[in-house]
Amino acid sequence: MKQFSLFVCVAACALAAEPDLNGVLQKLARYDYNQGREGLLEFEAIARKLPAKELEPQLITFLSGEGSLAGKDFIVRQLSVMGSSAAVPALAAALRKTETMEMARFALERIPGEVSGEALRKALKDLPESAKLGITNSLGNRRDAKSVSLLQPLIFSTNSALALSAIAALGRIGTPESLAALASSRKNGSLPAMEASLVCAERLAAQGNVAAADRVYAELNQPATPVMVRVAALHGLTNSKQGLAPLAAALNDKDPKVQGAAIRGLKEYKDPAASSLLIRAFPNLPAAIRPHAITALMHRQDPIALPLFVQASADESSTIRAAAYTALSALPAPSSVSVLAKLASDPAKDPADRDAARAALDRMRGKSIDDAIVVALPSADSLLKLELVRSAGERSIRSASPFLLSLLGSTDRSLRREAFKSLRETASAPEVVPLLSLLAGSKPTDRRDFERALSAALRRGDAASSKAVIAAFQSAAQPEMKESLLQVMGQAGGDEMLPLLQTGLRSTNADIVRASILGLSEWPTDTPIEDLLLLTSTTPEPANQILAQRGVIQLVGLATRSVPDSLQLLEAVLKVARMADEKKAILALLPRFANKTAFAMAQSLESDPEVSAEAKAALSRLQRFAPAK
Amino acid sequence: MKSIYKLFFTALVAHAPLLAQALEPLPIVLPKPLFEGTPENIRVPNLEKPLGKPRPAFLAPAGTMNVAHLKAVSGSDNEPAIGDLEMITDGRKDGIDGTYVEIKAGRQQVTIDLGTSYTIYAIVLWHFHKQPRVFNDVIVRLSNNRDFIGQVHTVFNNDHDNTAGLGLGKDMNYVETAEGKLIDAQGFTARYVQLISNGSTASPANQYIEVEVFGRPPK
C-alpha cells in the first residue's frame with residue numbers, strides 16, 4: 001500500500017511538472033510588447049522539449065485565432081525556424097492582412113520548399129503595389145528562379161523603390177534568365193542594373209557558368225561605365241581565362257582606381273604572363289601606383305621580378321623604395337644580399353632607408369641567404385663588412401663563426417665590437433677552444449667581450465666544451481685568466497663547473513675569490529648557499545665578505561628552502577652584516593617569509609637609525625605576526 | 001620664515017661650486033614621440049603629474065656632455081630576451097623595435113662603466129616610450145666602486161616600500177615619455193652608474209632604450 005501511495009505521489013509530481021503548452025499559449029494571446037518576457041521564455045522552454053510535429057499545429061491554430069499582435073509576431077518567428085509547408089496556408093492568409101503582412105513574409109521567406117515560394121509568387125501577383133516591395137526582396141533572398149517573369153515587369157515600375165528592389169532581386173537570383181531580364185536596363189546605363197548584373201555574374205561563375213559571367217564582365221569593363229562598376233568587372237576578370245588582355249589594357253587607363261583594380265587583378269591572375277605584363281607596364285605607371293605593382297609582383301613570387309625590385313630600391317620615392325625592400329625580403333635570392341647590405345651600410349642614405357634595408361636583409365629566409373652572407377664577408381669593404389657581420393649575428397649563422405673569430409683581432413674597434421656581438425649569437429662548441437686561446441692573450445679592454453662570447457659558446461656547447469674550459473682554468477697561470485673563466489663558468493652554469501667555483505672561494509687572490517663569489521651568487525639553484533655563508537665571516541677581504549652576504553641573500557631570495565631555513569640563513573647574515581645596504585636587503589626579503597621570527601628580526605632593526613624606516617616598512621607588512629599585547 | 005632662509009642658504013652652499021661656473025643647458029637631443037596602442041588608465045600611487053609642457057632646460061657647467069655614449073654596460077641579465085645591453089648606450093633612443101633591450105622580469109639592474117670617474121650633473125633615462133607606462137622601483141645609484149660597496153650615492157629612488165631592498169625612496173613615480181626621465185645627479189663623482197627597476201605597469205619585464213650620463217672629468 002505504501003508503495004502504491006509513493007507511486008501516486010511521484011506520478012502526480014510528474015504531471016504537475018509536465019509543460020502546459022495551452023496555458024502558455026493563452027498567456028501569449030494576451031502578451032504585448034511592453035510586457036515582461038517571462039511568457040516567451042516559458043514557451044521556448046516547452047518548445048525545446050516538444051517535437052515540431054506536435055508543436056506546429058498548435059502554433060498554426062494560434063495564428064488564425066484572436067491573439068494579440070505581439071503574441072502572433074512571436075509565434076511567427078518560431079514558425080520561421082521550425083515551420084513546414086503545413087504552416088504556409090495560415091501564413092499566406094496572414095500575408096494578406098496589413099498588420100500581419102511583414103511578419104508572415106518574414107516566415108514564408110525562411111520556410112523552404114515550393115509551397116512557400118508559390119505563396120509568395122501568388123501574393124506578388126495579387127497584392128497591391130504597396131505590398132510588393134517586401135515580397136520582391138523575399139523572392140530575391142530565396143533566389144526564386146520561377147519569379148523572374150514576375151519580377152521583370154517591376155523593373156519598369158514608376159515606384160522607384162519597387163523597381164530597385166526588383167532589380168536587386170533579379171541579381172540575387174543569379175540565373176541566365178534573371179541576367180537576361182536585367183540586360184535592357186543594364187545596356188541603357190542603369191547603375192543598379194549594372195550592380196545587380198555583377199552580383200548575378202558572380203553567382204553564375206560560382207555555379208560554373210563562367211562564360212556567361214565573363215560576357216557580363218567584358219560588357220561592363222568599358223570606358224563609359226562608372227568607375228566602381230569597372231573596378232568590380234576587372235575583379236571578376238581575375239578568374240577568367242580571357243582576363244589578361246582587359247587587365248593589361250586597364251593598366252594603361254587614365255583613372256588610378258581602374259589601374260589599381262588591374263594591378264589587384266594581375267596580382268591574383270593565375271597565368272605566369274601576368275608578371276611579365278606588370279614588369280613591362282611598371283615604368284609607365286604613375287608613381288602612386290608603383291608600390292602596389294611591386295607588392296603585386298612580390299605576392300606572385302616570380303623571380304623574374306627581382307631586377308625590378310633592385311632597380312626600385314634606388315628609386316627617388318621613399319614609398320617605392322620601402323615597397324622594394326619588403327619585396328626583396330619576401331623573394332629571397334642570394335643576389336639580393338649585397339644589394340640590401342650595401343643600402344644598409346651606406347652612410348649617405350636616409351637612416352629610415354638603412355633601417356628598412358637592414359630589416360629586409362634580416363628577414364630573408366633560407367640557407368642560401370646565410371651562405372651568401374658568409375661568402376661575401378671576407379671580400380667586403382669595411383662598411384659592408386660591418387653590416388654583414390651584424391646580419392650574421394642577427395640571423396644566428398653558425399657557419400659565420402670562424403670568420404667572426406678572425407675579426408676579433410681587428411684594429412677597427414667598430415668591427416671588433418660587432419664581431420663580438422654577433423659571436424654571442426653564433427658561437428657554439430667549435431669556437432670554445434679558439435675563444436679560450438684568444439682570451440688568454442686578450443687586452444684588458446676586450447676581456448669582458450671575450451667572456452660573454454665564450455659563455456654563449458659554452459651554453460650552446462657540449463661536454464667537451466665544458467671540459468676544455470675546466471682544463472683551461474686548471475692550467476691558467478695568470479690570475480686575470482682564472483678570474484675571467486670563473487665569470488664565464490658562473491654565467492654558463494652547469495654542475496661540472498660548480499666545484500671549480502667552490503675552489504675559487506679558497507684562493508689567496510682576492511680577485512679570484514670575488515669572481516667566484518659573483519659566479520656562485522648568480523647560480524640558478526641554492527646549492528652554493530652554505531659555501532657563501534661560510535665566507536661571510538671567514539674571507540679576509542671585507543669587500544668579499546659583503547659580496548658573500550649579498551650572495552646568500554640573493555640565493556635565499558630564490559625561495560627554494562623552507563621558511564624557517566630561509567630565516568635562519570638571513571639571521572646568520574644579519575649577525576655579520578655591518579653595512580646598512582645588506583640589512584635593507586634582508587628587511588626587503590622578510591615579508592616573503594612572513595612569520596613571528598621574521599617579525600622579531602624586523603623589530604630588532606627598528607632601533608637602528610640607518611635602517612629604521614625600512615624596518616618599520618617591513619613591520620607594517622608583517623603586522624599580523626606581532627605578539628599579542 | 002626662518003626655515004625658508006635656512007633652505008635658501010643650504011641650497012646656496014650646496015650649489016656654490018656650480019654658481020661659480022658658467023652654466024649652460026644640457027645638450028639633450030630628444031627622440032620623436034611615439035604613440036602605439038590604446039593608452040590605459042595607470043593607477044599608481046605617488047604618481048607625478050604630467051608637466052603639460054616641455055621640461056625646462058637643466059643647467060650644468062659649460063662643457064658637460066654625455067659621457068656614457070658607447071660605454072660598457074653589464075647587468076643582472078646578460079642574455080636579454082630582446083636586444084642587447086649595449087643598446088643602452090648606443091645613442092639610439094627612437095624607441096622603435098630594434099632600439100631597446102628587454103631584460104628579465106622582476107628586480108633587475110644594469111650598470112654602466114664610464115671607464116673613469118666623472119663629475120656627474122644629470123642622468124637622463126628612457127625605459128620605454130612607445131606607450132605610457134610607469135616603471136616600478138626605479139633606483140639610480142652612483143659609485144666609484146664596481147661592486148657598489150662603500151660610498152654609494154643614490155640620486156633617485158621611488159621604491160616607497162623597500163621592495164628592491166636598497167632602502168626606502170621618496171621620489172615620485174613617473175610616466176615614461178619621449179622626454180625621458182631627467183635626474184639631478186648633484187655633481188657627485190663616480191665611475192659606475194647603476195639603474196634598478198622592477199618591471200612596469202605594462203609588463204613584468206624591464207626595458208631600456210637609452211641612458212645618458214651628463215658629466216665632465218673632475219677637476
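In this predicted model, 23 residues of chain B are in contact with 29 residues of chain A, contact meaning heavy atoms within 4.5 Å. Residues are numbered from 1 along each chain as its sequence is written, and chains are lettered from A in the order in which they are written. Local features need pLDDT of at least 70, side-chain atom pairs count only at pLDDT 80 or more, and totals for chains, interfaces and linings use all residues, while side-chain values use heavy atoms, without hydrogens and water.

The size of an interface is often given as the accessible area lost when the parts come together. Here chains B and A bury about 2,200 Å² between them, 39% of it on carbon and sulfur atoms; buried area is the accessible area (1.4 Å probe) lost on putting two parts together, summed over both. E86(B), D147(B) and I149(B) supply 24% of the area that chain B buries against chain A, more than any other three residues.

D147(B) also forms a salt bridge with R514(A), with the closest N and O atoms 2.8 Å apart. A salt bridge is a side-chain nitrogen of Lys or Arg within 4 Å of a carboxyl oxygen of Asp or Glu. In another, the side chains of D84(B) and R424(A) meet at 2.5 Å, N to O. This pair crosses from the loop between β4 (72-75) and β5 (101-105) of chain B to helix α27 (residues 413-426) of chain A; helices (H or I, at least four residues) and strands (E, at least two) are DSSP runs, numbered from the N terminus.

Within chain A, helices α19 (residues 290-300) and α21 (residues 318-330) pack at an angle of about 5°, with their axes 9 Å apart. Axes are lines fitted to C-alpha atoms, for helices over the stretch in contact, and angles run from 0 to 180 degrees between N-to-C directions. The angle makes α19(A) roughly parallel to α21(A), a term for angles under 35 degrees.

Definitions and conventions: Parallel < 35°, antiparallel > 145°, perpendicular 65-115°, else oblique.
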